[in-house]
Amino acid sequence: MPTFVYMTSCDGCGHCVDICPSDIMHIDPTYRRAYNIEPDMCWECYSCVKACPQNAIDARGYADFAPLGHSVRVRRDEEKGTISWRVKFRNGTEKNFLSPITTKPWGTGYPELKDEPAPSNEMRDSQHLYSEPKYIRMDDGDVHTLESNKLKMKLGVYY
Amino acid sequence: MFTTNHFAELSATISPSVMQAYVILMVLLVAGGTLFDVIHKQSAKYFFRKGKKSEQNAVRNVSGGEKVSLAVKTTVSDVLTSSEFCNPKRRVAHLLGMYGFVIYLIATIVMVFADPASADSPGIWPFLWAVGALMVCVGGYWFWFFIRVDVSSEGQSPFRVIRADLFILSLLASVTFGLIWAFTQSSGGGVWSMIFLGLYLIATTVLFAGVPWSKFSHMFFKPAAAYQKKVAVANGALDNLPRVADRTDPEDRDRHSMELLKDAPLNMGLGIKREQPRHY
Ligand code: SF4
Ligand code: SF4
């Protein structure tokens, strides 16, 4: 279900452009409003839908479950941590969903992190992921590769 | 520059009645242009259709008194303090531009129609005129060079101009040339003063005569749309959007998927709003 923008609701803040992992949310050069330049390439991650402060982005349902005339709307309250969805079918049936934004207090999602100190505000605001500076050895300088560290990949699947 | 009525001084070359006729013509052009815009784009038709739809989907009636209070709220929040903008920089720039323009406009009208021979002329108006123009410059150039979304989010050159820029550019040109004209006039006049007066008049005419092609009329229809949005929230139609869940309400709190949030704090922080979107 790729997304599309209601241009009259969009105020051109750029949050969706910023967050789209597929880089297909762009600002229309004529109207200065956002639009999905390549719905076929949409990951359907809905990051943009959830990010939009104006509720200007909708999802386009697939014809098999939501024939023409339906609408899928979402509202997110970042501070309360909730996302509410409303799917309205063309016969008037309505489905409402409520999902949490799963940001949890430190150590409750991954219990093994409980003993680690929680990240400081500065770390939260940083562009790096948790542990990134340490494990990519940023402070040592240089780019670290397997080769430069004389390491070898073992066979198997890595995550 | 801040104490003389430049329009009174100009009356040595251009008769006051010509200036007054020009101002009236500009007002008529704005009124006519806005009407043309409404008819041509059929925006009024869509606006009322949306209002009807919202009424049909309403889950409760909004009383007359409530509507009045919503109109007051719209005026205070959306119009007077530009609450629509979620980016604080855009909001400040808009407020500077808006209040600057209003002050500049009123001061211009007062100075053009004032009797320069009267005892309390020109009073504070030349000062307000210059301050208003400077406020528009600060807000407008800030917006133009740094905040505009295609510049800040798309990395476009700030010098790329499209038709949608007609309003902001003619407004900026009008106040900038107006200020330069006032400055050259107060420092001796001469040919420069006449050149900048010409540019000032051209820019101002484009600003007011360009209404059908520019976004000038957003001043009139944005408040109407903001009011309609507030009514849709009040009557429960919500423009088809779901109701925001309230985690303090037991019914919402105990819904299945909220299990995951049981022990999460009620205020989760600013999230994405912590940063301005500019990672293109
Ligand atoms: S749903 Fe995801 S991939 Fe698709 S446009 Fe939005 S952010 Fe980009
Ligand atoms: S996030 Fe929403 S309001 Fe902001 S540019 Fe994207 S669609 Fe427009």
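**View 1. What packs around ligand 1 in this predicted model.** Ligand 1 has 14 residues around it (near here means a heavy atom within 4 Å). Closest in are Cys20(A), Cys42(A), Cys45(A), Tyr46(A) and Cys48(A). The shell splits into 9 nonpolar, 4 polar and 1 charged, where Ala, Val, Leu, Ile, Met, Phe, Trp, Tyr, Cys and Pro count as nonpolar, Asp, Glu, Lys and Arg as charged, and the others, Gly among them, as polar.

Some housekeeping: residues are numbered from 1 along each chain as its sequence is written, while chains are lettered from A and ligands numbered from 1 in the order in which they are written. Because the model is predicted, local features need pLDDT of at least 70 and side-chain atom pairs pLDDT 80 or more, though totals for chains, interfaces and linings use all residues; side-chain values use heavy atoms, with hydrogens and water left out.

View 2. A cavity is a set of points on a 1 Å grid over the protein atoms alone where a 1.4 Å probe fits but cannot get out; lining residues have an atom within 4 Å of a point. Of 13 lining residues, Cys20(A), Cys42(A), Trp43(A), Cys45(A) and Cys48(A) are closest to the centre.

**View 3. The largest cavity.** There are 2 cavities of 30 Å³ or more, and the largest holds about 90 Å³. Its lining has 15 residues, with Cys10(A), Cys13(A), Cys16(A), Ala34(A) and Cys52(A) closest to the centre.

How values were computed. 1 Å grid on protein atoms, 1.4 Å probe; cavity = no way out; pocket = protein on both sides within 12 Å on 5 of 7 lines; lining within 4 Å. Points joined across faces, edges and corners; volume = space filled by probe spheres on them.
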